[in-house]
Amino acid sequence: MKRNSIFAFSLLVLTALFAVEGLAQEVFEDPDGKYSMSLPSGWLGIVNKDGLGRNEVNIVYKNRENGALKVRRIDDADGKMDVMAYADKDESERIRFNPKYDKISLEKFVIGAGKSGALLAYDYFSTSGQPFTGRIYYLRTDEKTLYVLQFTGRKNILGTLRSHTDAIARSFKTK
């Protein structure tokens, strides 16, 4: 009886430790001061300088093939165009040309406080023939500006991290 109690208590403590580790977050600040976001445990924000001295931001989940995030800012977005319509247009003009592209969904993405964006989810194959997945979050920050958060990575890893990518997109703040 005592042995079972000790085992159950140990299991409970280990479960709590793993849950706390999964909730640990680090705030990543864009080096150019344009945005910030919270990164769950396992995600790293790495800033390098390119040959011209510009900041190059790489956000990865452990390594680039497991999961990578690229942030794009679109300054000339049509203010009258709905975010869902912009996502549909981006898919037809750019994303669908990935090797073996297979659309999973295009859905509204609730950010909070009455704001919504769009989420495009899809599968594709890398240039080396490996199964990858992608998730693109389209977030309107004002009448003319959209931010596009494009996550890509191995299907068997990034595919299981939907809660992470959703949390990152919801924590995204412009300055």
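Q: Why are strand 2 and strand 10 said to pair?
A: In this predicted model, strand 2 (residues 35–40) and strand 10 are joined by two bridges in the antiparallel sense.

Q: What makes strand 1 and strand 10 edge strands?
A: The open sheet of three strands has the order 1-2-10, and its pairing is antiparallel. Strand 1 (25–29) and strand 10 (173–174) each pair on one side only, and they are therefore the edge strands.

Q: How do you know that helix 4 packs on the sheet of three strands, and which strands does helix 4 touch?
A: Helix 4 (residues 162–171) touches strand 2 and strand 10. Contact means heavy atoms within 4.5 Å, so the word "touching" rests on that limit. The direction of helix 4 makes about 155° with that of strand 2.

Q: Why are strand 4 and strand 5 counted as a pair?
A: Three bridges link strand 4 and strand 5 in the antiparallel sense. The requirement is at least two, so these strands pair. Tyrosine 61 stands opposite asparagine 63 in strand 5.

Q: What is the order of the open sheet of seven strands, and which strands are its edges?
A: The order is 3-4-5-9-8-7-6, with antiparallel pairing. Strand 3 (43–49) and strand 6 are the edge strands, as each pairs on one side only. On average, neighbouring strands of this sheet are turned by 25° against each other, direction ignored.

Q: Which strands does helix 2 touch as it packs on this sheet?
A: Helix 2 (residues 83–93) touches strand 5, strand 6, strand 7 (115–125), strand 8 and strand 9 (146–154). Its direction makes about 150° with that of strand 6.

Q: What makes up the lining of the largest pocket, by class?
A: The lining has five nonpolar, one polar and six charged residues. Among the lining residues are Asp30, Asp32 and Lys34; Asp and Lys count as charged, so these three belong to that class. Strand 5 gives the largest share, five residues. The space in this pocket is about 260 Å³.

Notes. Residues numbered from 1 in each chain as written. Predicted model: local features only at pLDDT ≥ 70, side-chain atom pairs only at ≥ 80, totals over all residues. Heavy atoms only, no water. Helix = DSSP H or I, 4+ residues; strand = E, 2+ residues; numbered from the N terminus. Axes fitted to C-alpha atoms, helices over the stretch in contact; angles between N-to-C directions. 1 Å grid on protein atoms, 1.4 Å probe; cavity = no way out; pocket = protein on both sides within 12 Å on 5 of 7 lines; lining within 4 Å. Points joined across faces, edges and corners; volume = space filled by probe spheres on them.
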